[in-house]
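Please keep the structure in view while reading.

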Amino acid sequence: MIVRPSAPVTFTGGLAYEYERERLTSSATSNFGDGAFTEESGFDENRGTVGAYAQGLVNLARGLTANAGLRFDDNSAFGGFATWRAGAAWRFAAGTRVRASAGTAFKAPKFRELYIE
């Protein structure tokens, strides 16, 4: 959803959902020692993430723009976490812009990083 309460201000917000699932089966047969031996293993994991976000953008002065955003995610495996970002850009000549930004982030590990050796 995008809302523009006045010409220099824009608000954006929304919801997101992500579902992840990974399945893996393996089988290994060896014929060493006491004869043939087969080992089988399986892996089946899933998780979901529900997120909500909001961002504001404002044109402050000639060539100066600022933005700020917040996001909250609830991951079924890792719980809830909030992240933010803020930035500014200044266009001081045609084709020349200076930007600065800061923020936080969270990235859930991949299933392979958690469960598979």
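Strands β2 and β3 form a hairpin with six residues between them, and G33 in that turn has a positive phi of about 80°. Helices (H or I, at least four residues) and strands (E, at least two) are DSSP runs, numbered from the N terminus.

**Basis of the model**

This is a predicted model, in which local features need pLDDT of at least 70, side-chain atom pairs count only at pLDDT 80 or more, and totals for chains, interfaces and linings use all residues. Residues are numbered from 1 along each chain as its sequence is written, and side-chain values use heavy atoms, with hydrogens and water left out. The predictor's confidence in each residue, from 0 to 100, is called pLDDT. Its mean over the chain is 88, and 97% of the residues reach 70 or more. Among the elements, strand β1 (residues 2-6) has the lowest mean pLDDT, 75, and strand β4 (residues 64-75) has the highest, 96. Where pLDDT is low, the predicted coordinates should not be read in detail.

**The sheet**

Six strands form an open sheet in the order β1-β2-β3-β4-β5-β6, with antiparallel pairing. The edge strands, β1 and β6, each pair on one side only. From one strand to the next the twist averages 20°; axes are lines fitted to C-alpha atoms, for helices over the stretch in contact, and angles run from 0 to 180 degrees between N-to-C directions. Two strands count as paired if DSSP finds at least two bridges between them.

Strand β2 (residues 9-30) is joined to strand β3 (residues 37-61) by 22 bridges, and the bridge partner of Y19 in β3 is G48. Between β3 and β4 there are 12 bridges, again antiparallel; here Y53 has R71 in β4 as its bridge partner. β3 and β4 also form a hairpin, with two residues between them, and G63 in this turn has a positive phi of about 85°. Strands β5 and β6 pair in the antiparallel sense over eight bridges, and R85 stands opposite G103 in β6.

**Two positions in the strands**

T10 lies in strand β2 and is buried, with a relative accessible area of 15%; buried means under 20%, exposed over 50% and partly exposed in between (1.4 Å probe, protein chains only). Not counting residues up to four places away in sequence, T10 touches I2, V3, R4, Q55, G56 and L57, where contact means heavy atoms within 4.5 Å. A66 lies in strand β4. Leaving aside neighbours within four places in sequence, A66 is in contact with G56, L57, V58, L60, G87 and A88. A66 and W90 are 24 residues apart in sequence and 8.9 Å apart in space, C-alpha to C-alpha.

**Aromatic pairs**

Rings of Phe, Tyr and Trp (its six-membered ring) pair if their centres lie within 6.5 Å; planes under 30 degrees apart count as stacked, over 60 as edge-to-face and the rest as tilted. By this rule there are three aromatic pairs, including the two below.

| Pair | Centre to centre | Angle between planes | Class |
|---|---|---|---|
| F81 and F106 | 4.1 Å | 50° | tilted |
| W90 and F92 | 4.9 Å | 40° | tilted |

F81 lies in strand β5 (residues 79-93) and F106 in the loop between β6 (96-103) and α1 (111-115), so this pair ties together parts that are 25 residues apart in sequence. F81 is buried at 16% relative accessibility, whereas F106 is partly exposed at 38%. Ring pairs link F78, F81 and F106 into a cluster. In the other listed pair, W90 is partly exposed at 43% relative accessibility, and F92 is partly exposed at 44%.
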